[in-house]
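Me: I am new to reading protein models. Can we go through this one step by step?

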Amino acid sequence: GKVKMFDVIMETIDLDLPAFMGTLFSYAANPGLIIPAVLLMVLAIYYLNSVSEAYQNSNMELKKKMQMARDEEKNRRNNTDSTNQVMKDLEDLLPNRSLTPPAPPPQPG
């Protein structure tokens, strides 16, 4: 038997597959290619994860803004009705029926 599983796999590839496949697998098994590939995958996963979190945060902020705009519009609609009623009540109480201040008297001059 062989000492390492790698040797068994490489022998099987050399004997059972065409020659170019053996050289291809020997290049692919080189640690000089595997380590950078693993590092590249880790960095890509980290990047995609951080971008995903940023998109989720921006979606939450936009949802909050849309909810605030909806609430503000609702309050504006409700306040105009109640404000109009309050203004009508105040106009009924005032003697001259106007909330505008009277014009100042003309200056002699």
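Predicted model: local features only at pLDDT ≥ 70, side-chain atom pairs only at ≥ 80, totals over all residues.

Me: How far apart are the closest N and O atoms of glutamate 73 and arginine 76?

Reply: These two side chains form a salt bridge. A salt bridge needs a side-chain nitrogen of Lys or Arg within 4 Å of a carboxyl oxygen of Asp or Glu. Here the closest N and O atoms are apart by 2.8 Å.

Me: Which residue does glutamate 72 meet in a salt bridge?

Reply: The N to O distance in this bridge is 3.1 Å. The two partners are four residues apart in helix H3 (residues 31-93), so about one helical turn separates them. The partner of glutamate 72 is arginine 76.

Me: Is glutamate 73 buried, exposed or partly exposed?

Reply: Buried means under 20% relative accessible area, and exposed means over 50%. Glutamate 73 has a relative accessible area of 33%.

Me: What are the relative accessibilities of glutamate 72 and arginine 76?

Reply: Both residues count as partly exposed. Glutamate 72 has a relative accessible area of 47%. For arginine 76, the value is 44%.

Me: Now the whole chain. In what order do its elements run from the N terminus?

Reply: The chain has three helices and zero strands. Of its 109 residues, 3% count as buried. From the N terminus on, the elements run α-α-α.

Me: Are helices H1 and H2 roughly parallel or roughly antiparallel?

Reply: Helix H1 (residues 5-16) packs with helix H2 (residues 19-28), their axes 7 Å apart. The angle is about 155°. Angles over 145 degrees count as roughly antiparallel. So H1 and H2 are roughly antiparallel.

Me: How many nonpolar residues does the contact of H1 with H2 have?

Reply: H1 gives Met10, Ile13 and Asp14, while H2 gives Met21, Gly22, Phe25 and Ser26. By class, two residues of this contact are polar and one is charged. The number of nonpolar residues is four.

Me: What distance separates the C-alpha atoms of aspartate 14 and phenylalanine 25?

Reply: Aspartate 14 lies in helix H1. With 48% relative accessibility, aspartate 14 counts as partly exposed. Along the chain, aspartate 14 and phenylalanine 25 are 11 residues apart. Their C-alpha atoms are separated by 9.4 Å.

Key:
Residues numbered from 1 in each chain as written. Heavy atoms only, no water. Axes fitted to C-alpha atoms, helices over the stretch in contact; angles between N-to-C directions. Helix = DSSP H or I, 4+ residues; strand = E, 2+ residues; numbered from the N terminus. Parallel < 35°, antiparallel > 145°, perpendicular 65-115°, else oblique. Contact = heavy atoms within 4.5 Å. Nonpolar A, V, L, I, M, F, W, Y, C, P; charged D, E, K, R; others polar. Buried < 20%, exposed > 50% of the residue type's maximum accessible area, 1.4 Å probe, protein only.
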